[in-house]
Amino acid sequence: MALNNPNPLGPWKITVYDQENFQGKRLEFTSACQNIMECGVDNIRSLKVECGAWAGYEHSSFCGQQFVLERGEYPYWESWSGSNAYHIERMMSFRPICSAVSFCPKSNHKESKMVLFEKENFMGRQWEINDDYPSLQAMGWGNNEIGSMQVQSGAWVCYQFPGYRGYQYIMECDRHGGEYKHYREWGSHAQSFQVQSLRRIQQ
């Protein structure tokens, strides 16, 4: 159950509204919310991420399409789902992404590391990455699919298409032990191995 705690000193804080442009009923959270309807709101139509990085979900209980919510303002639903393959005007649950790393412009970004595998169950060709890739194929990955992944540190968002477009899949080192053996483990909305771009999720 969500905690309505407005304490600004915590590592995570998100404010959601039931109307666009930060209007209507306003709720603050510092922890996960499994079903926004239990808080008296039928849908989230705008939000502000004040601390931390969050994962939003189309349905309750963290199911359906995933949306990465990094620090900033999202005045309407297209702000968080505009790049998705199917535009969804619905967000019913959300949670902190605990393994997202803090961004430091002077760092070499070694804090985030993931190994990609050509086939499921960590078989075939592999590639260790620690940077953002708007097009995996342009950087030498042989096809438009990834069979499996091991997140060794940090948190990542993988996208169905180049340029950070299409379905989003959030991969974290502290979920599934950081191991994603098959696309069915990427999320309840995943339907294929297709991934063509990815980037680090940063606090």
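**An aromatic cluster and its surroundings**

Let me begin with the rings: Tyr 169, Tyr 183, Trp 186 and Phe 193 are linked by ring pairs into a cluster. A pair here means rings of Phe, Tyr or Trp (its six-membered ring) with centres within 6.5 Å; planes under 30 degrees apart count as stacked, over 60 as edge-to-face, and the rest as tilted.

Two housekeeping sentences. This is a predicted model, with local features requiring pLDDT of at least 70 and side-chain atom pairs counted only at pLDDT 80 or more, while totals for chains, interfaces and linings use all residues. Residues are numbered from 1 along each chain as its sequence is written, and side-chain values use heavy atoms, leaving out hydrogens and water.

Back to the rings. The structure holds 12 aromatic pairs. In one of them, Tyr 17 and Phe 22 have ring centres 5.6 Å apart and planes at 65 degrees, so this pair is edge-to-face. Another edge-to-face pair is that of Trp 186 and Phe 193, at 6.3 Å centre to centre with 80 degrees between the planes.

Are Trp 186 and Phe 193 buried or exposed? Trp 186 is buried, with a relative accessible area of 1%, and Phe 193 is buried at 16%. For reference, buried means under 20% relative accessible area, exposed over 50%, and partly exposed in between, with a 1.4 Å probe and protein chains only. Tyr 17, from the other pair, has 7% relative accessibility and counts as buried.

Phe 193 also brings in a histidine. His 182 touches Glu 120, Gly 147 and Phe 193, leaving aside residues up to four places away in sequence; contact means heavy atoms within 4.5 Å. His 182 is found in the loop between β13 and β14 and, at 10% relative accessibility, counts as buried. Strands in this talk are DSSP runs (E, at least two residues), as are helices (H or I, at least four), numbered from the N terminus.

Gln 196 is in that loop too, between β13 (179–180) and β14 (197–200). Which residues does Gln 196 touch, not counting those up to four places away in sequence? The list is Pro 134, Ser 135, Leu 136, Gln 137, Asn 144, Tyr 159, Gln 160, Phe 161 and Pro 162. A polar atom of the Gln 196 side chain lies 3.2 Å from the backbone oxygen of Gln 160. Gln 196 is buried, with a relative accessible area of 9%.

**Two phenylalanines with positive phi**

Now to Phe 22. Its place is in the loop between β1 (13–19) and β2 (23–29), and its phi is near 60 degrees, a positive value in a residue other than glycine. The charged end of Lys 48 sits over the Phe 22 ring, 4.7 Å from its centre; the criterion is NZ of Lys or CZ of Arg within 6 Å of the ring centre and within 35 degrees of the ring normal.

Phe 122 has a phi near 60 degrees as well, again positive in a residue other than glycine. Phe 122 lies in the loop between β8 (113–119) and β9 (123–129) and counts as buried at 19% relative accessibility. As background, most residues other than glycine have a negative phi.

**Glycines**

Gly 124 is in strand β9 and, at 45% relative accessibility, counts as partly exposed. Gly 124 and Gly 147 are 23 residues apart in sequence, with 8.7 Å between their C-alpha atoms. Gly 40, in the loop between β2 and β3 (46–51), counts as exposed at 52%. From Gly 40 to Lys 25 is 15 residues in sequence and 9.0 Å in space, C-alpha to C-alpha.

**The chain as a whole**

How many helices and strands does the protein chain have? The secondary structure comes to 1 helix and 14 strands. The protein chain has 203 residues, of which 53% count as buried. Among its contacts between residues at least 6 apart in sequence, 68% join residues at least 24 apart.

Last, the annotation. An unreviewed UniProt entry places "domain: Beta/gamma crystallin 'Greek key'" at residues 12–51, 52–98 and 112–153; positions are in the numbering used here, feature names are shortened, and annotations may be inferred rather than shown by experiment. In the model, residues 12–51 are 0% helix and 50% strand, and the end C-alpha atoms of that span lie 5 Å apart.

Terms used
Polar contact = N/O pair within 3.5 Å; in protein donor to acceptor, adjacent residues only side chain to side chain.
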